[in-house]
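Student: I have a structure open and want to work through it with you. Can we go question by question?

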Amino acid sequence: MCSSQLFARVFFFFFFFSQLVLCVTEDGWTLGPGLVTHYKQYPPNTSKVYSYFECREKKTDSTKTRKVKYNKTVFYGLQYILQKYLTGKVITPQKIQEAKEVYREHFQDDVFNEKGWNYILEKYNGHLPIEIKAVPEGSVIPRGNVLFTVESTDPECYWLTNWVETILVQIWYPITVATNSREQKKILAKYLMETSGNLEGLEYKLHDFGYRGVSSQETAGIGASAHLVNFKGTDTVAGIGVIKKYYGTKDPVPGFSVPAAEHSTITAWGKDHEKDAFEHIIKQFPSVPVSIVSDSYDIYNACEKIWGEDLRGLIEARSADAPLVVRPDSGNPLDTVLKVLEILGKKFTPQENSKGYKVLPPYIRVIQGDGVDINTLQEIVEGMKEHRWSIENISFGSGGALLQKLTRDLLNCSFKCSYVVTNGLGVNVFKDPVADPNKRSKKGRLSLHRTQSGDFVTLEEGKGDLEEYGQDLLHTVFQNGKIVKMYTFDEVRDNARLKEFEVEELLH
Amino acid sequence: MAAPDFNFLLATDSYKITHYKQYPPNVNRVYSYFECRRRKDAQFNEVVFFGLQYLLKKYLTGPVITEEKIQEAKVFYQLHFKQAVFDEEGWRQVLEKHDGRLPIRIKAVPEGKIIPRGNVLFTVENTDPDFFWLTNYIETMLVQMWYPITVATISREFKKILAKHLKATSGSLEGLDFKLHDFGYRGVSSQESAALGGAAHLVNFCSTDTVAGLLMAQRYYSCPMAGFSIPAAEHSTIISWGRSREKEAFERLLDQFPSGPVSVVSDSYDIFKACKYIWGDKLKERVMERSEDSALVIRPDSGDPAETLIEVIKILEECFGSSLNSVGYKVLPSYLRIIQGDGIDLNDEGWSAENVFFGCGSALLQKLNRDTLHCAFKCSYVESNGKGMDVYKQPVTDPSKGSKRGRLSLRRNSDGFIETVERGVGKPEEDLLVTVFENGTILQEYSLDDIRKNCICTHGLVPHENESD
């Protein structure tokens, strides 16, 4: 019932609610109600719950059509979540009261653990008594290894470990964006090396066009920052803010862009004035690269007649630092790119580079920013190579596929309890569903190590204590409400860089 | 309102900073629109319009420009483009002339309305000739409407399927609003998306674990409590008892939650044995003593969804029996139900849809993108020197990407079908688009109650069967 009194009361709650438990955005708190009732479900006399996160390996894959394997993942994004949602005083008396009221309405019952939260408020001044140990951000780790662990540090707060699961599991997103972006970097590196002999400009070969195609402003910031782990070109400005606020770089900004047209700035001139639009825009930006979408009516005509004839002189006068970048935006990506290159090649004579591939004159380039995902990217660079075009000629833009067309299932990101202490005894626990061996979880206390041959291995059941494999690569990053270890974005980028041996592997 | 450090000037695609220099000289109006383009191979033919009010309230209303923000943007863009290209003066004019409020008009379909693909859903234009460049500056933010529209649409499509099966196998639509539970919180890309997606699902259903969606509905759509949930186990609360004590874990759940429904995930080791030997034998009496209002809801969570569901229901039938309902389908005893994590396709094996609830996670809130409904924002009309011109794109490489021309309106034609009128010839009195935002102020608001009424889902719904306009 929405009587004005009830509405006012709820609205009043909501105002204070807006900074409730575990969420410091002004939009409110963020906990799954199912979790609200879990404190009642653990065995009696449980004094610790220990859980971990991994990108599970998929040994029996029913989707054999998947071309890309994603054998390793980039660990990124925990620092954002910790700072934004888990650090400092996240519990206050008002928040507890308001949560109690809302959950009573939501469950139509009193199930909220008021006592447990008051304990945290009083003993820890509202800081969360949990410890999180994690792999350094930017680390590239094979699937099936522990990436971080979470455990309660106070016997009264055993239930807290899995309370934070929902928030922490959202790390699947920055991990998946960064991983998918890096796999595309490998593809580009391979073909760029093969067709030009070096990797110059690699970091600008895949530009983030995804701002409008993500589900929210917050997602845009997180996703764009994850792409910038591997590349430097972006139009999703929000990502740069996230990096600045939560990671920091020594350079003033971690990502760059160039002036570019959109359809409205071309079509607003009218169909018969496409040439005037093109001319006006390139003249506005004489000394930096400028990208001009050229398919509003007919991409091939635009390339052949307008760029290739009417405005040719203007283009040839541009320097290598300020090329015209022709942008197709429709049609089959590979076919369109090849045809555009062919037409431009006829009007602007290409040179052959040291590897025997054709390169357009330095004042003209192409950017393909439509329909680009990891599969079409591979098709296009392969197709260009077959037609003897160097990858120096092209860069790519990717939107939805870069930042949105991804799910938690792509890398099987999962958070599971592996160890509990009940009646003073530690017990290794796990799930092992009969109908899906891939969903089996790890047992006991976990640690991550490097073997002598340089591979990674996760030790289960507390075996890391035996010190057979040397140091645990998991470091404590969060303890009892404080962040105790942080990484700069420069460190993240360094950890995630393409290693020489990887590039060599790609070429053979 | 957005967080205090949210800078509107940094909430756009970088290239849009450079567009004010690219329009023809003397342009004084740019008019654009948003649609879910029609495609021949499209899976979904109509969409639920939802979510604009959230964007307007959070990001576009009131004074969104301050001098501080202009300075921050100026410094940033200088570094980002490695040159000065930001239109500092233009934005200062917004500040000085309009107190930092956006001189923009947005007309939109009422929220909750069901509209066929290929129709205009909202239009945007500048109200002050000096700010023609503003219309498409806000494209990036407004195109994110694709998300709540797509979630609400997919959620409603699920509802249509569930309605059909429920009606056929039980004779009524009772309980339909609780049939699809949102489990998607952990599988979305951010807290904000969880809130928005969660709220979009609540347009059609009342069942959710995505609490952020409830708060979104409260704060932005005036609904004090839009959805409900029940106590439920997760794997950790079962496996923490140890493999040999699954029965004790289950029993604890029944003890802790004696009244009201309780959901228990039962596949930690072997779903079939759990159903047959624990629920169906060791704890059978405890299950049977529960009432209809405090049913045990068994949750499988692995294996092929359809096959698992059928096998589980057969085992439960063996242990607990079943009865036939008024339309001849089998129903488990009222104290026993199943919640299936995914796999909406109900099998025709003689079981009523009354037996099962569905939970949906990433398929509901994450496994969607702007191409699911082909959402696009395009300029269709400009004015220069007071003279109007219809504009459009029509790429020879993809006719389906052609855009509409001129000023647009939306009307119901004489056959009752909704259609878009182009080229400015629509009659204002027939226009279904409503001015919702003008010069920084929201002029029309909708509550979740209004929205729910607008998209009522009845069995056998046809596209134009929408009473309330």
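Student: How many residue pairs are in polar contact between chain B and chain A?

Tutor: This is a predicted model, and the count takes pairs with both residues at pLDDT 80 or more. On that basis, the number of residue pairs in polar contact between chain B and chain A is 64.

Student: Which helix of chain B gives the largest share of the side that touches chain A?

Tutor: Look at residues 211-221 of chain B. Seven residues of the touching side come from there. The element is helix α8.

Student: How do the residues on that side of chain B divide by type?

Tutor: Charged residues number 24. Polar ones number 36. The nonpolar residues come to 52.

Student: How many salt bridges link chain B and chain A, and what is the N to O distance in the one between E139(B) and R212(A)?

Tutor: The two chains share eight salt bridges. A pair qualifies when the side-chain nitrogen lies within 4 Å of the carboxyl oxygen. For E139(B) and R212(A), the closest N and O atoms are apart by 3.1 Å.

Student: How much area do chain B and chain A bury between them, and which residues of chain B lose the most?

Tutor: The two chains bury about 9500 Å² between them, with 57% of it on carbon and sulfur atoms. Three residues of chain B lose the most area to chain A, together 8% of what that side buries. They are Q22(B), R186(B) and Q191(B).

Student: How many residues of each chain are in contact?

Tutor: Chain B contributes 112 residues. Their partners in chain A number 108.

Student: Now L60(B). Is L60(B) buried or exposed, and why?

Tutor: L60(B) is found in helix α1, residues 52-60 of chain B. The cut-off for buried is under 20% relative accessible area. L60(B) has 1% relative accessibility, so it counts as buried.

Student: What is the C-alpha distance between L60(B) and F8(B)?

Tutor: L60(B) touches several residues, including F8(B), L102(B), I138(B) and F437(B). In sequence, L60(B) and F8(B) are 52 residues apart. In space, their C-alpha atoms are separated by 8.4 Å.

Student: Which UniProt domain annotation covers residues 7-106 of chain B?

Tutor: That stretch is 35% helix and 16% strand. Its end C-alpha atoms are 21 Å apart. The unreviewed UniProt entry annotates it as "Nicotinamide phosphoribosyltransferase N-terminal".

Student: Last one, on chain A. What percentage of its residues is buried?

Tutor: Chain A has 19 helices and 18 strands. It has 508 residues.

Key
Residues are numbered from 1 along each chain as its sequence is written. Chains are lettered from A and ligands numbered from 1 in the order in which they are written. This is a predicted model: local features need pLDDT of at least 70, side-chain atom pairs count only at pLDDT 80 or more; totals for chains, interfaces and linings use all residues. Side-chain values use heavy atoms; hydrogens and water are left out. Contact means heavy atoms within 4.5 Å. Buried area is the accessible area (1.4 Å probe) that two parts lose on being put together, summed over both. A polar contact is a pair of N or O atoms within 3.5 Å; within protein, one must be able to donate a hydrogen and the other to accept it, and residues adjacent in sequence count only if both atoms are side-chain atoms. Helices (H or I, at least four residues) and strands (E, at least two) are DSSP runs, numbered from the N terminus. Ala, Val, Leu, Ile, Met, Phe, Trp, Tyr, Cys and Pro count as nonpolar, Asp, Glu, Lys and Arg as charged, and the others, Gly among them, as polar. UniProt positions are given in the numbering used here, feature names are shortened, and annotations may be inferred rather than shown by experiment. Buried means under 20% relative accessible area, exposed over 50%, partly exposed in between (1.4 Å probe, protein chains only). Lists of a residue's contacts leave out its neighbours within four places in sequence.
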